[in-house]
Amino acid sequence: MLNVVSSNTTLSSYHFTQTSNEIPIIDISPLINGSVYHNQCLIEIEKACRETGFFAIKNFGVDPKLYQQLMTVAKTFFNQSEKFKRRYQIGLNGRHCGYVPLTENGLCEDEANKRLYEAFDLSLDLPASDPDHQRGNIFYGPVKWPEIKNFHLTVKQYFQQVRNLSHILTTAFEKILGMPDGFMLSKMHKPTSQLRLIHYLQNQAHLDNVDINMGAHTDYELFTILFADKTGLQTQNLNGEWIDVPVMPDTLTINIGDMLEVWSDGIFKSNLHRVINQGQERYSFPYFASLDYDTVVSPFKKKQTEKQIRVPRSTTYQPIKAGEHLLQQVTRDFAYLRRQFVERSNSFLLNQRLDINPFQNTVTQPRGEQ
Ligand SMILES: O=C(O)CCC(=O)C(=O)O
Ligand SMILES: [Fe+2]
């Protein structure tokens, strides 16, 4: 169990969690400035990870101006013609990066024929000589940046800052799980982390509509750092009921992904979430903090000294390669990747194990195109 802040420490200036519909708002400045409230902050994060797997953070150290700038370049890009956007279509040049068109409708039950979003997906921008790119690994290689003023500069800056933030959170998760310092960070040198710029289109649906726009799914990586400009995202509470994830000024949403659920042996919850269609135009920018492709993830056993709040959904997690799990999930989500498998056009893809899914007992649904 974590050490609690010693009794002679005053907590009067620490901003304790506010509860908002079971998703706490946690001031993480103690993690950034190393203050005496550090342990209290870890306790709050641990509780949220064991319950819904979702929490909001404030005072997280990313330049607030960047969100406005990101919004401006994203809007400018999505306002371009379909012809322009398709010049950057995902899958070109052997990279899982680029424009995900609106017309790629989902097949899954709760999303089929209802999907009203387009996206621009990107990950680490590496030279064409990168050996993993040369081998055909779609998560590595050059990004084809849209010719939109300030797009490259702004997105690159945000990617860097949100990546730094992901390292701070990773260190916190290591401490909570009793791992040696740097245990997970040392497996994040060349991560398959992705940033998505998602644009949900304005449409006729009403604000009280409960139709699904993005189908229910878990995230496939370690954890996700999400900025959204409007509500619409929902997750499940401890009773399995859908609850709204609030959008509040100057906060970001964090949710646990599949790899952190495995590493924590099911103590942390990679929870289902979905986006409902409320008719409003909406932008969201999730950053999926991930690991190096070949990282093998298996439960890190820490002596449990307290009763678990939530019963893990599976008591045995088989070791899983982080990159293969991600590849398996995005292959289910993206039609162009499934076509590549059928056409056998990429030998790298053919050599990956795509048959094992420790999450088969969950209702994971595609989050991309179909
Ligand atoms: O748009 C959102 O709020 C969430 C998006 C999401 O869950 C995802 O892309 O995995
Ligand atoms: Fe998600």
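1. Let's start with ligand 1, which has 15 residues around it in this predicted model. Tyr200, His217, His273, Arg282 and Ser284 are the closest of these.

2. Three of those side chains deserve a look for their polar atoms. Ser284 places a polar side-chain atom 2.7 Å from an oxygen atom of ligand 1. For His217, an N or O atom of the side chain is 2.9 Å from an oxygen atom of the ligand, and for Arg282 the distance from a side-chain N or O atom to a ligand oxygen is 2.9 Å. As for cover, ligand 1 on its own has 300 Å² of accessible area, and the protein covers 98% of it.

3. Next, please turn to helices H2 (residues 38–50) and H6 (residues 151–176). Their axes come within 10 Å and cross at roughly 85°. The two helices are therefore roughly perpendicular to each other, since angles of 65 to 115 degrees count as such.

4. Which residues make up this meeting of H2 and H6? From H2 come His38, Leu42, Ile45, Glu46 and Cys49, while H6 brings Ala172, Phe173, Lys175 and Ile176. By class, the contact holds six nonpolar residues, two charged ones and one polar one.

5. The contact of H8 with H9 divides into four nonpolar, three charged and one polar residue.

How values were computed
Residues numbered from 1 in each chain as written. Chains lettered and ligands numbered in written order. Predicted model: local features only at pLDDT ≥ 70, side-chain atom pairs only at ≥ 80, totals over all residues. Heavy atoms only, no water. Axes fitted to C-alpha atoms, helices over the stretch in contact; angles between N-to-C directions. Helix = DSSP H or I, 4+ residues; strand = E, 2+ residues; numbered from the N terminus. Parallel < 35°, antiparallel > 145°, perpendicular 65-115°, else oblique. Contact = heavy atoms within 4.5 Å. Nonpolar A, V, L, I, M, F, W, Y, C, P; charged D, E, K, R; others polar. Near = heavy atom within 4 Å. Polar contact = N/O pair within 3.5 Å; in protein donor to acceptor, adjacent residues only side chain to side chain. Areas by Shrake-Rupley, 256 points an atom, 1.4 Å probe, with all protein chains shown as cover.
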